[in-house]
Amino acid sequence: MLNALAATEPNDGLLERYGACKAMARGYAQARANERTRLSLARAFTAVVLESFWASLVERCGARMRIRPVPLQLPAFSREAKAVAVSAGRLIAEFPVDHAGYLIGSIYTVMLPDAHRTSMGAYYTPPPLVARLISQAQEAGFNIATDSAIDPACGGGAFLAPLASRMVEAWVGQSPELILGRLARRLKGIELDPFAAWMTTVLVEAAVLPICVAAKRRMPNVVEVSDTLQRRDVSSYGLVIGNPPYGRVQLDAQQRKYFSRSLYGHANLYGLFMDWGLRHVRDGGVLAFVTPTSFLGGQYFKSLRRLLCLDGSPVSLDFVADRDGVFDDVLQETILFVHSIGRNDRASNVSRVLTRGLGGADVAPIATTRVSDDGSPWLLPRSSSDAELLENVRSMPNRLIDVGYAVSTGPLVWNRHREQLRTKKNRNTYPLIWSESVTASGFSFSAERRNHVPFLEVYPNQDHLITTEPCVLVQRTTSKEQNRRVLAALLPRPFLDEHGGVVVENHLNVVRPLPDAPVSPGTIAALLNTSVVDRLFRCISGSVAVSAFELNAVPLPALGKLRELERLVESGASLALIDRRVAGWYGVSWEN
């Protein structure tokens, strides 16, 4: 029944023309300095794109069905820009209809003011990732023919429109009237932005337009304009799916109490949506979200990880291999997360997925692994070579605290002590240690970067800022593209003695020996700088932060091995030898 809307798979020519339209839309919006004007313009321009897209589909079906009216008053804009919008809508109609939500939504979001886009968390999911997530949800138990589904942050219909298409395919042979009735009962979307909700309504109807034409009826509206996180009246579904917004958010007392079971410290929007989703998936149902990977290891998500394992288990975790270029202007590492309610075997299939434009995705299975249920970071392989390593470390109970070391962040938040920054040394100043002083070659005192100065004057009663004993400094912010995620350096005794102590800025972690620590800080620095520990950390950390919490989760060799490492360090062994020897203790070859 959907053949009337069949369109060619996107080729390079179509994509280039679409890219040109999108670039013109972005440039047109960026020329408007006023944020309110730019928001209105983004909506007005996108409305014309969607109206042009709709008109093309209706013409293809030989129908005269009008597009649903925009629920907002939108401004007029120039004839030249309107011509671009009309052209973009007609062009998008040449793509498969399930791609329209992403293509139109991407134009909308690149035109939005940055602050509005960030606050709304408006990022649209590419079609290959949508298709993969729906398929994984089906494999996890979601029955497309009989179950209901909800997207609690439905944006531009990236998930609801393809779900509608798949449901129609599952009901082939049934009457158009019956199909429309079933869709109305089994699909639901909630969206805070009324304009995005209108987009979803139009795009879902566009996905099943031939059915509407055959039935001579409109597709019932399945989208509500509402704040999902305030909803307490929604029933249970076989599938909760979507790409929820992300970013820290302040909660009032009532919300914090409601979501307290999944909170630890700061609240993040996507974590709240995961909690909300767990409350509204029926037993045996599936939660399937596109999210950042930070919930896999971060301390703020430890309650959420514990909650996820109370009444269910992750079924599949697909790491999106190429984050740059997949989501417009987003550099967060991303995962497709599928979770089954009522399943408790903890066996999770881990894969990497690499999109090939809009046409598809390559999936590389990595391993089947098990996640911890106590809230500690989930150690997940990012490559097939990691699987053996993670299996080996399951028998390693030691962590930094077990070998006499505590981890904390540097005590100085520099912009709270601006008046104490000094460019020259005097009687009450101490060297200010910035992250740039930790290099691949070790500790090298430096304050050359912008806003960095070399000294801090310490006032009376601020002795807590001063570090006087050797310790290990670890950079707190790195990215997966760097050669090393864990970059550590020993803060040496001679430098401390020369200056009487130092002040460590909070973009560094400080790994301090406790009384009677059995090995020296130099040994710990050498261990943290090995390739195998760096590889392990990448299997723990899901964000750019190298947090104290995640460092404390790194499995360590037995104490006897650490003493052997100390002898190697003291004897002046080469870094290559240390790297190879430590890798062997983890049961992998040096090349890993």
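The chain has an average pLDDT of 91, and 94% of the residues score at least 70. Residues 1–8 stay under 50 in pLDDT, and the model gives them 31 contacts beyond four places in sequence. The pLDDT is also below 50 over residues 323–331, a stretch with 30 contacts beyond near neighbours in sequence. Where pLDDT is low, the predicted coordinates should not be read in detail.

Nine strands form an open sheet with mixed pairing, in the order β3-β2-β1-β4-β7-β9-β8-β10-β11. Strands β3 (223–225) and β11 (360–370) are the edges, each pairing on one side only. From one strand to the next, the twist averages 15 degrees. Helix α7 (residues 160–170) packs on this sheet, where it touches β1, β2, β3 and β4. The direction of α7 makes about 175 degrees with that of β2. Elsewhere in the sheet, β8 (residues 312–320) and β10 (residues 347–356) pair in the parallel sense over five bridges. Val320 has Val353 of β10 as its bridge partner.

Helix α3 (residues 79–92) has 14 residues and spans 20 Å from its first C-alpha to its last, close to the 20 Å expected at 1.5 Å a residue.

| Class in α3 | Residues |
|---|---|
| Buried | Ala81, Val84, Ala85, Ala88, Gly89, Leu91, Ile92 |
| Exposed, on the other side | Arg79, Glu80, Arg90 |

Seen down the axis of α3, the buried residues fall within an arc of 165 degrees, so they line one face of the helix. Among the elements covering them are α1 (12–30), α2 (35–61) and α4 (100–111).

Conventions
Residues numbered from 1 in each chain as written. Predicted model: local features only at pLDDT ≥ 70, side-chain atom pairs only at ≥ 80, totals over all residues. Heavy atoms only, no water. pLDDT = per-residue confidence, 0-100. Contact = heavy atoms within 4.5 Å. Pairing = 2+ DSSP bridges. Helix = DSSP H or I, 4+ residues; strand = E, 2+ residues; numbered from the N terminus. Axes fitted to C-alpha atoms, helices over the stretch in contact; angles between N-to-C directions. Expected span 1.5 Å × (residues − 1). Buried < 20%, exposed > 50% of the residue type's maximum accessible area, 1.4 Å probe, protein only. Arc of directions from axis to C-beta.
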